[in-house]
2 protein chains.
Amino acid sequence: MGISLTSWADTPTRRRIIDFVERVSGDGPGAVPAAERVAVFDNDGTLWTEKPMPTQLHYIVQQWAAAAAAEPALADRQPYAAAVNGDFAWLGSAVDKHYAGDDSDLKLMIGAILGSTAGMNVLDYEKSVAEFYRSAKHMTLGTPYRDAVFQPMVELLRYLEAHGFSCYIVSGGDRDFMRPITSEYYGIPPERVIGSAVGLSYDADSSEVRYASTFDFMDDGPVKPVRIWTRIGRRPILAAGNSNGDIEMLRYTQGSQESLALLIHHDDTSGRGDAPYDSGAELALAAAAEHDFTIVSVRDDWSSVFVPQGAADTA
Amino acid sequence: MGISLTSWADTPTRRRIIDFVERVSGDGPGAVPAAERVAVFDNDGTLWTEKPMPTQLHYIVQQWAAAAAAEPALADRQPYAAAVNGDFAWLGSAVDKHYAGDDSDLKLMIGAILGSTAGMNVLDYEKSVAEFYRSAKHMTLGTPYRDAVFQPMVELLRYLEAHGFSCYIVSGGDRDFMRPITSEYYGIPPERVIGSAVGLSYDADSSEVRYASTFDFMDDGPVKPVRIWTRIGRRPILAAGNSNGDIEMLRYTQGSQESLALLIHHDDTSGRGDAPYDSGAELALAAAAEHDFTIVSVRDDWSSVFVPQGAADTA
């Protein structure tokens, strides 16, 4: 096919992927019609790095800092104070407090997020996000976010497409925060991006779609299979994820007669990718053993991790 | 391109469609990149007949009659009694009463609709709907519903695709009631079918997606642009509808730099298609004059209306 998994080491994992793809796209036992070859991919930690924090939080903090610069009184209260002072510890503790039963700080954050887009034309948000991606640098890599994409996964997307698959992103991240860059970074167009969503309303005066001040749904855990059905209307035959929020999507996919469930495991100590972590993936790793998910070891199965700079231009 | 609008008469409407499509798909002024050539189509009354009643009501009444046959006590109460007795007047009056401020009968109907699928696997509903389409006959035409499709619109779908367009259905009808047949009838796959939706939930025990007992949203009027953004993430450049519920979708589409808004007008008295009607389209016809929608006159612009029987097999 002229498309190969060159950033994948020659391991049983790579062979299992190739065997599966060749079987379902062949004409022997296990063949699946092209229209049913649907593959779904989590985004943060699966298609690109999610460390030290999801990209979207970087954008949100920038927005809050800009709001406080325009209206200085905001800088005295949270979450704007944390944004102005670069106090990521406060942001992290807000989430920790939430899991400990205290939603007060998280509510401040969500209120500020919804407040920043309420009434905004979706096309203006799209422009704002695109501008962020043009200028922002990944906080530890120091490169544009485009270079935080996992090269083996981009190769897998192209390999699947070359075998008749349709690939979708199914992420807990905000759908409209991903759409402006998924075509360029991953070759996945906006209509194939599934994610969490803020409410929307139609403004008849301007004939525009605008964000409401309410949250619509969080596309994580058991919501992922629901959104897959809503958006695609088919059960996938391949799914890839990396965390506890992907378990249901992987299990749902395994309900197909032929299926492959991939769980990316960040276990590489060589410094090529993210430092090793299991946090947030403990249940998924346990489920992998029970349900025969195929573990993709960054250490053993990937011969390189990030897209070489500028290489994506010729992809 | 080898694909032509042969069921369209040579009128200014046909020429306006062709001029638009050639302009946006050409390389001169007004060219639109292929990825942005999105077209959206209402279903009932636009792609196929909606008379004497939307197809879905036929299915629902059959389901209620079957439920009453299995559990005879149901036949004594509405809406099952109306289904058993073929009392379509009662069903119509329930809707009339709703518009007059009395929701009591409509609530009985909605409760029975939601009750019939609550807890059901979406794949079982898909099978039930597919079986309906295999056996049901259109109530006045006496043919399979496949032959109630408007041939000029199928030609338009193919003509647009031949010019790089992606075509979607955006209907007030139930999304999952359309999906089982849109590939075969219209060449539109399930992931491009947007419609009204019953709530869904993921059942972790069986790893299946099932219907909830709640209604999620009605994809009509101002909800259509919202669902278009949710599902596609782009503003269409062509839209076609036939009723008041399509006004917002048509106006939203006209916000694109290049756009064409088509309003099908059922004005044919020759007996080739539906008997003429403006009911439910009064506001849309008024908006057409104000906003330069292109009226598609069934009488003047279509040289034939229905797909010749069996012809779709070779499409």
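Before going on, some housekeeping. This is a predicted model, where local features need pLDDT of at least 70, side-chain atom pairs count only at pLDDT 80 or more, and totals for chains, interfaces and linings use all residues. Residues are numbered from 1 along each chain as its sequence is written, chains are lettered from A and ligands numbered from 1 in the order in which they are written, and side-chain values use heavy atoms, with hydrogens and water left out.

**Stop 1: both chains.** The same surface serves both: 100% of chain B's contact residues recur in chain A (contact means heavy atoms within 4.5 Å).

**Stop 2: the sheet in chain B.** Colour the strands (DSSP runs of E, at least two residues; helices are H or I, at least four; both numbered from the N terminus). You'll find 7 of them in an open, mixed sheet, ordered β4-β3-β2-β1-β5-β6-β7; strands pair if DSSP finds at least two bridges between them. β4 (208-217) and β7 (294-297) of chain B each have a single partner strand, so one side of each is left without a neighbour in the sheet.

Zoom in on β3 (193-203) of chain B, which runs antiparallel to β4(B) over 6 bridges. Pick L200(B) and you'll see Y211(B) of β4(B) opposite.

**Stop 3: the interface.** Select the contact residues: 30 from chain B and 30 from chain A. Together the chains bury about 2,800 Å², 54% of it on carbon and sulfur atoms (accessible area lost on being put together, 1.4 Å probe, summed over both).

Next, look for the 4 salt bridges across the interface (Lys or Arg side-chain nitrogen within 4 Å of an Asp or Glu carboxyl oxygen). One joins R235(B) to E208(A), with the closest N and O atoms 2.6 Å apart. Finish on α9(B), which gives the most to the side of chain B that touches chain A, with 7 residues.

Note on methods. Buried area = accessible area lost by both parts, 1.4 Å probe.
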